[in-house]
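Visitor: I have a structure open and want a quick tour. Can you walk me through it?

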Amino acid sequence: MQQQMPCPSTEEYTEFARRHEPSLRYALVAQLGYEAGREATQDALVYAWEHWDRIRSASNPGGYLFRVAKRRALRQRATRGSVGMDLPEGDSPRMEPKLDDALWHLSKRQRSVVFLVEGLGLTYQETADQLRISRSAVQTHLERALAHLRRDLGVTLDV
């Protein structure tokens with residue numbers, strides 16, 4: 001006989017999903033691309049419901065879900081092929097034409113930090129929590145990434 005795992009109450013899960021879904025989605029989209037990141041977010045929330053006891057007891061449930069979702073998405077990517085940073089038509093923001101290429105010259109970590117801090121407005125600490133790195137590492141990655149972008153785009157600071 002298979003043992004059934006206890007599920008969270010609807011209210012408890014709804015509050016958890018409301019609190020964690022946006023930052024989880026932002027981080028996964030930054031790491032995996034638009035479609036894969038959104039799909040991974042939904043998969044992570046289903047996983048949270050199915051493994052509620054494990055999620056509830058985690059010291060950082062959002063970070064735990066991020067790692068689970070990213071690992072699963074990368075496994076799926078390996079079997080389906082590569083997925084890029086794709087935005088649906090009409091959803092592309094107006095930006096410097098050379099920015100896309102300049103962003104892809106950054107390391108994956110730097111690109112993620114720039115996206116989360118500058119693009120989505122997360123704090124250094126929120127970004128650090130999502131990427132499971134220190135706050136000072138976020139600051140270092142951001143400073144180096146912005147310097148690299150300024151150089152590639154020929155931007156000078158008027159201080």
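**Starting with a proline**

Guide: Let's begin with Pro-61, which lies in helix H4. Keep in mind that this is a predicted model.

Visitor: Is Pro-61 buried or exposed, and why?

Guide: Pro-61 counts as buried, because its relative accessibility is 18% and the cut-off for buried is under 20%.

Visitor: Which residues is Pro-61 in contact with, leaving aside its neighbours within four places in sequence?

Guide: Phe-16, His-20 and Ile-55.

Visitor: How far apart are Pro-61 and Ala-48 in space?

Guide: They are 8.9 Å apart, C-alpha to C-alpha. In sequence, 13 residues separate them.

Visitor: Let's switch to rings. How many aromatic pairs does a search of the whole structure find?

Guide: Three. One of them joins Tyr-13 and Trp-52. Their centres are 6.2 Å apart, with 70 degrees between the planes, and the pair is edge-to-face.

Visitor: Where in the chain do those two sit?

Guide: Tyr-13 is in helix H1, residues 10–32. Trp-52 is in helix H3, residues 52–57.

Visitor: Are Phe-16 and Trp-52 buried or exposed?

Guide: Phe-16 is buried, with a relative accessible area of 5%. Trp-52 is buried too, at 4%. Tyr-13 is also buried.

Visitor: Which residues form the aromatic cluster?

Guide: Tyr-13, Phe-16, Trp-49 and Trp-52 form one cluster.

Visitor: New topic. What does the side chain of Glu-21 make a polar contact with?

Guide: The side chain of Arg-25, at 2.6 Å. Glu-21 lies in helix H1. Not counting residues up to four places away in sequence, Glu-21 touches Thr-41 and Leu-45.

Visitor: Why does Glu-21 count as buried?

Guide: Its relative accessibility is 17%, and under 20% means buried.

Visitor: How many residues does the largest nonpolar core have?

Guide: It has 20 residues. Leu-28, Ile-55 and Leu-65 have the most contacts inside it. H1, helix H2 (34–50), H3 and helix H4 (61–80) each supply at least two of its residues. The largest share, seven residues, comes from H1.

Visitor: What does Leu-28 touch, not counting residues up to four places away in sequence?

Guide: The list is Gly-33, Gly-37, Ala-40, Thr-41, Phe-66, Ala-69 and Lys-70.

Visitor: Last stop, helix H6. Which of its residues are buried?

Guide: H6 covers residues 108–119. Its buried residues are Gln-110, Arg-111, Ser-112, Val-113, Val-114, Leu-116 and Val-117.

Visitor: What covers them?

Guide: The cover includes H1, helix H5 (99–104), helix H7 (124–131) and helix H8 (135–153).

Visitor: And which glycine follows H6?

Guide: Gly-121. Its phi is positive, near 75 degrees.

Conventions. Residues numbered from 1 in each chain as written. Predicted model: local features only at pLDDT ≥ 70, side-chain atom pairs only at ≥ 80, totals over all residues. Heavy atoms only, no water. Phe/Tyr/Trp six-rings, centres within 6.5 Å; stacked < 30°, edge-to-face > 60°. Helix = DSSP H or I, 4+ residues; strand = E, 2+ residues; numbered from the N terminus. Buried < 20%, exposed > 50% of the residue type's maximum accessible area, 1.4 Å probe, protein only. Polar contact = N/O pair within 3.5 Å; in protein donor to acceptor, adjacent residues only side chain to side chain. Contact = heavy atoms within 4.5 Å. Core = buried A, V, L, I, M, F, W, Y, C linked by side-chain atoms within 4.5 Å.
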